[in-house]
Amino acid sequence: MKKILGLMLVASLALPMFAADDNADFLPKAGDWNLQIGMDPMAIVMGGTWSQVGGFSAGYMVSDNLGIKATLGLDIDLWNTRKYAQDDAAVAANPFSKDKIVDSRKRTSVGAIVSLGADYHVGKGKVQGVFGAGLMYGVKAIDKYEYFYNNAITELNQIPSTNLTLYDGVTSVWAPFPAAATGIDNGRILRQYGDAVGNGRRQMVGLYLSAGIEWFVAPKLALGLNANLNIMYQFMHAYTAEYEGWSTIENKVVTWTEAEQPMENGFSLSTADAAGLKIYMSVYL
């Protein structure tokens, strides 16, 4: 990624010198509004990181070369993982039964990031270098996993069969608990979510620097390519899990919550990864 960023910087400086200034009507002017649709603007929280995957920008040209812009990126991840497991009730009735049930794990993640910055265009031809900088703020409003089982927990079957795993690759959804204090030997996970009330927020504030090129293929219409360097301070919310299990004290299925992971925070300096390379279309009005 560092090589890509370096090549983008060199191209940004070199290409304007070779581009022909044969049609000034192609280029943006002071007072133009700008709309941009990208495969990768400053957006999105994914899997605990802040990736740039897609979004929309609106801007205004303060001068022929300098523009200001605001960017909004969204990430909505709704994913349902299904696994077959033995049908315990069918096997109890017939040890040779091959019947199966389906368990599922649902992932719900909704995040957004906004940035406010400026772009400076270098060159007067149809191919221009574009350099940018700005501030950004991101939040992951919903971040949870939910688990659904079709083999019920009963007094005779306190650890029913399932082939579900935890989201982080742990091979079992079951966890041991101290039976002496609670009457519960084992519990299976029902939900994992941010903070104790289920409304956890993963947040970040940061600065981005960008370098790239814009090629004006028609009057006021450009195709762009750039790379970003991100400097971020992140707040990773605490995680809580909800379990269910059979209590020999209450002689029934009970549910409870456990604190799984405290809040984390820290700085990062990165060019992201392949997602740090943005391809976009820009229209000046």
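**Entry 1. Overall picture**

I began with burial and found that buried residues make up 44% of the 285 residues in the chain. I note here that the model is a predicted one. I then looked up the secondary structure, and the chain holds 15 strands and three helices. Next I examined the contacts with a separation of 6 or more, of which 71% are between residues 24 or more positions apart. For the accessible surface I recorded about 14,800 Å², with 63% of it belonging to carbon and sulfur atoms.

The largest cavity contains about 100 Å³ of space. I listed the 13 residues that line this largest cavity, and the closest to its centre are Asn-34, Met-61, Gly-67, Asp-119 and His-121. I also asked which elements give two or more residues to this lining. They are strand S1 (33-38), strand S4 (55-61), strand S5 (66-86) and strand S6 (100-122). By class, I recorded five nonpolar, five polar and three charged residues in the lining of the largest cavity.

**Entry 2. Aromatic pairs**

I next looked up the pair of Phe-216 and Tyr-284, which is tilted, with 5.8 Å centre to centre and 35° between the planes. Because Phe-216 lies in strand S10 and Tyr-284 in strand S15 (residues 277-284), the pair ties together parts that are 68 residues apart in sequence. Phe-216 is buried at 1% relative accessibility, and Tyr-284 is buried with a relative accessible area of 4%.

I finally noted one aromatic cluster formed by Phe-177, Tyr-243 and Trp-256.

**Entry 3. Backbone angles**

I looked for positive phi values in residues other than glycine, and Lys-220 has one near 65°. I located Lys-220 in the loop between strand S10 (202-218) and strand S11 (221-236). Asn-251, not a glycine, likewise has a positive phi, of about 55°. Asn-251 sits in the loop between strand S12 (239-247) and strand S13 (252-261). Is Asn-251 partly exposed or buried? I recorded 44% relative accessibility for Asn-251, so this residue counts as partly exposed.

How values were computed:
Residues are numbered from 1 along each chain as its sequence is written. This is a predicted model: local features need pLDDT of at least 70, side-chain atom pairs count only at pLDDT 80 or more; totals for chains, interfaces and linings use all residues. Side-chain values use heavy atoms; hydrogens and water are left out. Helices (H or I, at least four residues) and strands (E, at least two) are DSSP runs, numbered from the N terminus. Buried means under 20% relative accessible area, exposed over 50%, partly exposed in between (1.4 Å probe, protein chains only). Contact means heavy atoms within 4.5 Å. Accessible areas come from the Shrake-Rupley method with a 1.4 Å probe; for residues, only the protein chains shown count as cover. On a 1 Å grid over the protein atoms alone, a cavity is a set of points where a 1.4 Å probe fits but cannot get out, and a pocket is an open set with protein on both sides within 12 Å along at least five of seven lines; lining residues have an atom within 4 Å of a point. Grid points are joined across faces, edges and corners, and a volume is the space filled by probe spheres set on the points. Ala, Val, Leu, Ile, Met, Phe, Trp, Tyr, Cys and Pro count as nonpolar, Asp, Glu, Lys and Arg as charged, and the others, Gly among them, as polar. Rings of Phe, Tyr and Trp (its six-membered ring) pair if their centres lie within 6.5 Å; planes under 30 degrees apart count as stacked, over 60 as edge-to-face and the rest as tilted.
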